[in-house]
Amino acid sequence: LPHAEETLSVDNEAVIEQLQQEFHGSYPETASPSNKVQSQELVAAEAEWGILPPYQTTVWTYNGKIAPIIRIKLGETLKLTLHNKLPQATSIHWHGVRLPNAMDGVPGVTQPAIEPGASFTYEFTPKDAGTFWFHPHANSPEQIERGLQGLLIVENPDEPKYSQDLAWIVDDWLLEKGARIHDRFVTGHDLMHDGRWGNVVTVNGQYRPSIPVKPGERIRIRMVNSANGRVFAPAVEGIEAQIIAVDGLPTQSPIRLQNFYLAPGNRIDLDLTIPKNAAGKTFAVLDSFGQKTNTLAVLQVKNTTAVTTPTFKPIQAKHFPDWRSAIDAPVTHEFMLNAMRGGEHGITWTIDGHSGHDIIAQKLQAQRFYRLRFTNLSYRLHPMHLHGQFFQVIAVDGRPVREGFWRDTVLIGPKQSIDIGLVPIDKGLWALHCHILEHAEAGMMTTIRIQ
Ligand code: C2O
Ligand code: CU
């Protein structure tokens with residue numbers, strides 16, 4: 001192991017004990033299965049798709065679609081067989097879903113890759129309701145960029161009903177003349193920067209789609225950032241939207257949507273109401289992360305009389321631990337994020353000076369509180385994603401913060417250091433990596449053993 005675990009003083013032991021106690025009841029430790037099984041078949045194969053009609057782009061899809069959406073109910077078991085009709089080996093990772101380790105879909109860590117022509121069945125009962133993403137975990141800079149991915153929505157029948165429940169995969173594509181996908185992946189340029197940033201931003205594979213809504217409707221928009229490298233800062237023009245869930249789980253209370261950095265791998269669920277007097281108007285959903293504002297989609301209000309706006313309290317976390325004293329817990333491990341010259345791609349991205357998931361960076365005990373630190377020694381962005389667990393940000397550059405929600409992915413800015421609090425529950429070998437796919441491919445990937 002790169003670093004030895006610190007020995008804790010008696011005082012710290014008491015703090016940790018208290019943090020662990022606060023955690024309990026934050027989310028279920030086991031799933032309560034309803035014994036209903038949803039069986040699905042997915043075929044991963046090449047298809048044609050109109051990202052920029054009238055052009056057709058050759059893409060890689062599940063069942064011929066960009067952004068297929070699988071909806072199941074909390075308690076149901078998903079039994080999904082993937083048939084690989086691609087020219088290369090693949091797998092499916094269920095991003096953000098707490099499931100048995102063997103179903104996590106990471107070749108070389110939790111399963112062998114699914115070879116061309118072969119099939120594999122994933123079967124699990126998600127423990128949480130919410131918005132989740134699924135994507136290949138094999139040669140992901142190419143496979144995800146070519147379009148291979150979808151959304152898994154786990155509905156909780158007890159949650160209030162919105163007028164519309166929309167699910168959006170927000171992505172960017174690097175297209176050439178004739179809307180062809182630029183087919184050089186993991187270039188030196190991508191590696192020296194924040195991965196591959198495209199020139200066309202889409203929602204569910206469509207450029208600036210126009211989404212029909214009615215005056216008075218209350219809408220839930222589930223958004224995942226599935227770009228290889230681009231960060232989005234979503235905003236709805238002229239409407240105040242509230243964030244009601246982050247990375248799948250409900251927030252402690254609604255948070256006004258403003259300057260939220262939706263990094264690759266992050267999800268947010270929004271709650272917004274179309275004004276009653278807005279018949280015939282449009283509201284743009286924008287991304288204002290970069291210097292140039294992008295329009296993601298346009299809410300096109302129909303010219304009809306207003307519908308009754310459903311009134312209810314938005315979902316919120318059942319129990320949210322007060323982890324203010326987490327700042328007194330010792331840092332268990334500091335992950336050093338940095339680049340090195342050399343390696344297969346010319347640049348190697350490293351965690352603690354190592355590259356690749358054949359390393360176990362840390363062994364952690366289930367049910368125990370840990371404070372982990374990510375220190376970015378580079379000038380690039382690193383959205384760090386931990387499989388199979390949720391964590392809270394407890395400090396930025398050593399100063400305590402309280403975000404009011406759980407995450408599975410956190411963006412570490414240039415030269416920034418971020419501390420997270422974590423009580424792992426599910427045992428196994430879990431991947432930890434940068435979700436800028438080019439950085440991960442060039443080494444920024446490790447594993448954590450939870451025992
Ligand atoms: Cu979204 Cu390791 O993955
Ligand atoms: Cu990175």
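Here is a quick briefing on the protein chain shown above.

What you're looking at is a predicted model, where local features need pLDDT of at least 70, side-chain atom pairs count only at pLDDT 80 or more, and totals for chains, interfaces and linings use all residues. Residues are numbered from 1 along each chain as its sequence is written, while chains are lettered from A and ligands numbered from 1 in the order in which they are written. The chain splits into domain 1 (10-27 + 321-450), domain 2 (37-155) and domain 3 (164-301), with bounds that come from an automatic or database domain assignment.

**Domains and annotation**

- The UniProt annotation "domain: Plastocyanin-like", from an unreviewed entry, covers residues 55-158, 197-299 and 337-449. UniProt positions are in the numbering used here, feature names are shortened, and annotations may be inferred rather than shown by experiment.
- Residues 197-299 come out as 0% helix and 51% strand, with the end C-alpha atoms 25 Å apart.
- For residues 337-449 it's 4% helix and 50% strand, with 19 Å between the end C-alpha atoms.
- Helices (H or I, at least four residues) and strands (E, at least two) are DSSP runs, numbered from the N terminus.

**Where domain 1 meets domain 3**

- The centres of domain 1 and domain 3, taken over C-alpha atoms, are 26 Å apart.
- Their contact takes 23 residues from domain 1 and 24 residues from domain 3; two residues are in contact if their C-beta atoms, placed from the backbone, lie within 7 Å.
- On the domain 1 side, the elements giving two or more residues are strand 26 (382-386), strand 29 (409-412) and helix 4 (437-441).
- Helix 4 gives the largest share of that side, with four residues.

- Four strands make an open sheet in the order 3-8-7-5, with mixed pairing. Two strands pair if DSSP finds at least two bridges between them.
- Strand 3 (69-73) and strand 5 (93-95) sit at the edges with a single partner strand each, so one side of each has no neighbour in the sheet.
- Neighbouring strands of this sheet are turned by 25° against each other on average, direction ignored. The axes here are lines fitted to C-alpha atoms, for helices over the stretch in contact, and angles run from 0 to 180 degrees between N-to-C directions.
- Strand 7 (residues 130-135) and strand 8 (residues 150-155) pair in the antiparallel sense over five bridges. Phe 132 stands opposite Leu 152 in strand 8, and Gly 130 has Val 154 of strand 8 as its bridge partner.
- Strand 5 also pairs with strand 7 in the antiparallel sense, over three bridges, and Trp 94 has Phe 134 in strand 7 as its bridge partner.

**Buried and exposed spots**

- Six of the six residues of strand 7 are buried, so this strand is largely enclosed by the rest of the structure. A residue is buried if 20 or more other C-beta atoms lie within 10 Å of its own, exposed if 12 or fewer, and partly exposed in between, with C-beta atoms placed from the backbone.
- Both faces of strand 7 are covered, with Gly 130, Phe 132 and Phe 134 on one side and Thr 131, Trp 133 and His 135 on the other.
- Strand 14 (residues 210-213) has Ile 211 and Val 213 on a covered face, and Ser 210 and Pro 212 on an uncovered one.
- Strand 14 runs parallel to strand 21 (residues 294-301), joined by four bridges, and Pro 212 stands opposite Gln 300 in strand 21.
- Glu 240 lies in the loop between strand 16 (234-236) and strand 17 (242-246), and Glu 240 is exposed, with 11 other C-beta atoms within 10 Å.
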